[in-house]
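Q: I'd like to go through the aromatic rings in this one. Can you take me through them step by step?

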Amino acid sequence: MQIYLDNSATTRQYDQVTEVMTEVMRGTWGNPSSLHMMGVEAEKMVRASRKICGSAISASTSEEFYFTSGGTESDNTALMGVAQAKSRMGKKIITTAVEHPAVLEPAKRLEEMGFQVEYIGVDRQCRLNMDQLEAALSPDTILISVMGVNNETGTVMPMKEIGQLKEKYNRDHGTGILLHCDGVQAFGKVEVNVKGNYQDVDFLSVSGHKIHGPKGIGGLYVKKSIHLPPFMLGGGQEKHMRSGTENTPAIIGFGKAVELMTKDFAGRTAAMEKARKTLLEGIQSEIRDIRVNSPEDGGAPSVLNVSFLGTRGEVLLHTLEQAGIYVSTGSACSSNKKGQSHVLKAMGLKDKEIEGAIRFSFSEFNTVEEMEYVVDQVKAAVARFRRLGSFR
């Protein structure tokens with residue numbers, strides 16, 4: 001038996017995505033920028049995928065959606081592009097202490113270049129300190145960057161309220177602060193609508209492999225009224241925003257994944273929520289001395305983070321792996337680095353709480369029956385570790 005509960009790291013690609021990508025690689029392999037019929041056919045398919053992706057977030061036009069190599073490139077493009085475009089207007093950027101490294105590392109680079117970056121704190125359930133955010137706004141602020149859903153805890157950030165706060169400040173002070181959202185963990189898990197709850201978001205990053213699409217493909221929504229300097233220079237593809245020959249198979253695969261994701265969005269997220277709820281209730285009833293780090297209500301259905309006190313998360317991970325269960329101790333993008341989770345640390349957890357933390361992340365393919373098995377295996381693994389008394 002194999003039970004995959006590391007869907008925040010990556011997801012199993014839909015069979016339909018694999019099939020359509022194979023068809024493209026075998027039959028529609030022309031360069032979308034070529035003028036002959038093979039190029040024109042490939043360009044039509046790229047355009048169709050762009051329309052699907054733009055429609056999924058309710059973009060005003062598909063031309064607001066640009067294809068990138070993934071969420072990391074999208075985040076870097078937004079942060080570095082705004083810094084380049086608006087440096088004369090101000091050099092302050094506001095983000096949070098719990099962002100993904102794809103935002104924190106560019107922010108660090110910008111600090112080295114002379115920008116001021118302020119990191120907003122969170123509470124013990126990773127909820128954003130909105131008072132601190134409001135106090136941080138100033139006339140020299142050019143960008144706010146906040147993730148839609150935290151990748152380690154599943155906490156849903158209040159993007160609507162953040163956007164309203166930004167817009168009010170701009171009106172009151174005559175400023176032009178922009179708002180970027182790393183929506184990689186939100187897209188496909190919670191509502192993401194740039195005409196609704198994300199209406200004041202100016203840039204939105206998404207990724208293919210988090211929604212059962214291919215790796216190496218993502219997207220960046222840029223509100224049509226905004227000019228963003230290109231991050232990749234060359235042949236002028238993607239309306240000069242992102243030069244380089246289009247990765248046509250991945251773009252088509254991404255479009256297919258988005259199409260499938262939106263086809264029964266409510267049913268797919270309900271399946272995740274059912275699995276999450278079953279696992280949470282089982283852990284709470286069967287295992288003592290735990291700390292639930294994710295919001296028990298109102299969080300994304302895709303993530304559950306729990307600290308098993310008196311254990312080491314890494315040891316539990318490998319013990320569960322032997323039982324065919326795949327989990328994580330945190331972000332896969334920093335899992336090979338030494339040190340504690342910056343997210344759990346920012347939440348104020350003690351060292352031993354962080355050390356015993358496990359992240360379970362779900363997809364529509366997980367079932368209640370699987371979760372019942374997982375509860376039994378986690379209970380046995382925790383009891384075994386505690387019995388050995390090897391926690392120091």
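Q: How many aromatic pairs does a search of the whole structure find?
A: The search finds four aromatic pairs, where rings of Phe, Tyr and Trp (its six-membered ring) pair if their centres lie within 6.5 Å, with planes under 30 degrees apart counted as stacked, over 60 as edge-to-face and the rest as tilted. This is a predicted model, in which local features need pLDDT of at least 70, side-chain atom pairs count only at pLDDT 80 or more, and totals for chains, interfaces and linings use all residues. Residues are numbered from 1 along each chain as its sequence is written, and side-chain values use heavy atoms, with hydrogens and water left out.

Q: What kind of pair do Phe65 and Phe254 form?
A: Phe65 and Phe254 form a tilted pair, 6.4 Å centre to centre with 45° between the planes.

Q: And where in the chain do those two sit?
A: Phe65 is in strand E2 (residues 65-68) and Phe254 in helix H7 (residues 248-263), 189 residues apart; helices (H or I, at least four residues) and strands (E, at least two) are DSSP runs, numbered from the N terminus.

Q: Is Phe254 buried or exposed?
A: Phe254 is buried, at 0% relative accessibility, where buried means under 20% relative accessible area, exposed over 50% and partly exposed in between (1.4 Å probe, protein chains only).

Q: Which residues do ring pairs link into a cluster?
A: The cluster holds Phe65, Phe67 and Phe254.

Q: Switching topic, which ring does Arg12 lie over?
A: Arg12 lies over the face of Phe365, 4.2 Å from the ring centre, the criterion being NZ of Lys or CZ of Arg within 6 Å of the ring centre and within 35 degrees of the ring normal.
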